[in-house]
Amino acid sequence: MVSCGKTPEVSAPLSSAATTTSTEWLLDQSSGRVKLVSAADDASSLFGQSVAVGDFNNDGKNDVAVGAPAGDYSVPNSTGQTDSGAVFIYNSVEDQTDFTVANLMISSNSNTNNLFGTALYAFDINKDGYDDLLVGAPNEDRVGANSGTVYIFYGSATGLNSTASQIIDHPNSTASEGFGSEIRMADLDKDGNYEIIVTARYADTPNTNAGNFWIIPGTSNILYSTALAVNVTMPGALSSASDECGRGLAIGDYNGDTVDDIFLGCPYEDTGGGNAGAVFVYLGNGTNGTWVVNNALPDVNIFNPVPTANDNFGESIITMDYNADSKVDLIVGAVRADESFTDSGSLYLFSDIQSNIIIDSVVGPPYTSVTIDYFGSGMAVGDVTGDGQDDLVVGSIYGRLNGYASGEVTALAQTYWGGIDFTNKSKTINYDYHLLPTLKKLTGNDSFGSALCHGDMNNDGQDDLIVGAFLDDSKYSNNGSVYIYYKRTGGEIYQKPDVKIRPSGSIFGTSGFGHSCVVIDYNKDGYQDLLVGALNDDTSGTNAGKVNIFLGSSSGISVTENLTILGPGVTNYGFGSSLSVGDIDNDGHDDIIVGAYLDDSTTVNQGAVYIFRSDSTTGIVDLNTSTKFENAAGITLDYYGFSVLAFDYDGDGDKDLLIGSTGDDTTAAATGIVHVLLNGTNGASAGVNTLLDQTIDSNITAPTGLTNIAFGSALHGGLYYSSTYPDLFIGSNLDDLGGTDAGNIWIYKGIVTGVESIPGSTGTFDPAAYDHAEWLGFAITTFDFNNDGVQDLMAGSPYDDDVGINSGSVYIQLDKLP
């Protein structure tokens, strides 16, 4: 079935969402209070699954279209549909280095799971001088459940039209075949009219999900009909269930007879090993206006030349002259090949395929890759550098920018001596996290707000906000993440974070990364570094814990850990549960303080604290030597070290050590306490380069009458009420003031002799009906959030349910509390 001209209103397939500017994500600070919630991580949008290059506005410069078929997008003023899909259009890419989306094409179909943008192909169908765009939506339901559809959008002087000019549905209306999985055009029968070749990767003949393809005849009036479409099914002798032939597709002259042939990618074919992949070639016969297909068997079988299970050889295919020898070459993407790292992805290069089909080389991503990059997800050919030569454009659906596995597209350019340079990326287009029409993937149980700290992470002279989410699942279950929110020149901060840092390596268990954080210039290079606690990390023992160090540089904070601090390697130890920095040995350099609240040295979960001291000359902290502090009383379930803080408690100018024990029973059962270890006897300095002793000089107890509130869950010192005397903030995340386990923060105002003895309280931030079990006060920090010259208060509530059960949030109090 085909629809021509104006699309009928009842099935309007597409809306062109107005370009969303970043300002839409600026936090509205007018209310005096801001609430950050766990951000949607659209790593599963599959940005880069498909790529097309064409001049859609005929300005003489090529544009690039990038498919994100699994993104949760919507038309304006409506709810985002899960996996509805979108296509990003980037104009005149040869002029761009920082790419801006010119148009975001999204489906207006109310159904979820359309996968709009799975396939893209650019071609001037109506011969008006403007390239047009064919878009595959293989799960579209127009004529059958998940039967699939191809949309054709004509180009114009202003770019692609927002309404499809032609719609091609599954020729047989068969459900669940995925028609539109890949698309190409070619004059197969040499009659001057171009056919459209469309794959259906889930077709079930002769086996379940074996895949097939269709040839839709070209016509002189350029209006396509499926009435005479030819279906080519996979032969039983080669096909197995779930081969998904048709995930890859290319057109080229394989045998040198000047007639186009069809290359069909079957990335789950098993000849070289389970899911090793293969490419089958169907040779064309273009005499007398016909194109003959041998339905019995393909003419050529290209199996994975480096037979490895789960390589997915054939996920993408392209033919081009990649080595500038004027011969036809073949490039096959194997998205899960381990060329650089596990599942980083590779391109298999076959030169001069008309002479032989011997592999020339295998190349991985032209950048520092990581595991699960899927380089080679999509490919296209076109001049994107403006030198008049074809470049290769490659998608990586899990390519990373600033820690987000959000997908990217890399352009590999022709070199001046000829041929594609596979070792260097010429241009990179990344998914823009501040340019989304809908936030949809907001998941629960992330515990966003488990840690809070701040520092200049991008070297612009302004402090940025850092938020931990220690149960985030974006890499592996409960593995944790840290989000960084850059502060702009005017004090603006976006609701969506700028950088996301995950723990590195193949860590499949719960690491608790993001339970604590602190900023320090560890290596004294003038750039601030970030320390993140992962209290359940298994590097040195099951749930032993560790601290990750991410170094800053002129290009900003690293998103891959550079150094680590390991504890004693004891199972279930919780090393890294808390972090602080401060000069507690009086040598003029900051030391690192690490809590391990589950230490069992004397009794169960007594807890401990480790001090890593700086070198008195270089100022660099020795990460391999530490002094262990523990409560001599040896109290069971005390959780000594749940929080730590270097803070001048007695106002003598030296940093004292405060240690939270959230399970302490001194005043009432499991109420909690904060121990104060003064830097020297009776407030006198312990001496230059002398570590304070482990004697508990005094205690800060919870206000009278409170029980089981986890007093000491967080500790922070900051100039909140005055610019002279720091105030002390103590969290009690199980406090029932605003509802059961809603949480609370106690504020001890700074005075000349230290802090006041009677605290004020923040109370609740949300209406009581919504505050139960939020755990407000699990993390605390203060800094000038909005550049008004005064400190603002930030409080983590890692079990807040605003956008998902236990998703977490951060409250930002802009107006000064009384």
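Leucine 392 stands opposite leucine 412 of β26. The model is a predicted one, in which local features need pLDDT of at least 70 and side-chain atom pairs count only at pLDDT 80 or more, while totals for chains, interfaces and linings use all residues. Residues are numbered from 1 along each chain as its sequence is written, and side-chain values use heavy atoms, with hydrogens and water left out.

Strand β25 (residues 391-396) pairs with β26 in the antiparallel sense over 5 bridges; two strands pair if DSSP finds at least two bridges between them. Helices (H or I, at least four residues) and strands (E, at least two) are DSSP runs, numbered from the N terminus. β26 also pairs with strand β27 (residues 427-430), again antiparallel, over 4 bridges, and there threonine 428 is the bridge partner of threonine 410.

How many residues of β26 are buried? The count is 5 of its 5 residues, where buried means under 20% relative accessible area, exposed over 50% and partly exposed in between (1.4 Å probe, protein chains only). Glu408, Thr410 and Leu412 point one way from the strand, whereas Val409 and Ala411 point the other way.

β26 (408-412) is among the elements that give two or more residues to the largest nonpolar core, together with β4 (50-54), β5 (63-68), β6 (86-90) and β7. A nonpolar core is a set of buried Ala, Val, Leu, Ile, Met, Phe, Trp, Tyr and Cys residues joined through side-chain atoms within 4.5 Å. This core has 21 residues, and Val384 and Val409 are among those with the most contacts inside it. A second, separate core of 20 residues includes Ile520, Ile549, Ala608 and Phe612.

Aromatic packing comes next. Rings of Phe, Tyr and Trp (its six-membered ring) pair if their centres lie within 6.5 Å; planes under 30 degrees apart count as stacked, over 60 as edge-to-face and the rest as tilted. By this rule there are 26 aromatic pairs. Phenylalanine 116 and tyrosine 151 form a tilted pair, 5.9 Å centre to centre with 55° between the planes. Phenylalanine 116 lies in the loop between β7 (103-107) and β8 (119-123) and tyrosine 151 in strand β10 (residues 149-153), so the pair ties together parts 35 residues apart in sequence. Phenylalanine 116 also forms an edge-to-face pair with phenylalanine 153, at 6.4 Å and 80°. Phenylalanine 153 counts as buried because its relative accessibility is 0%.
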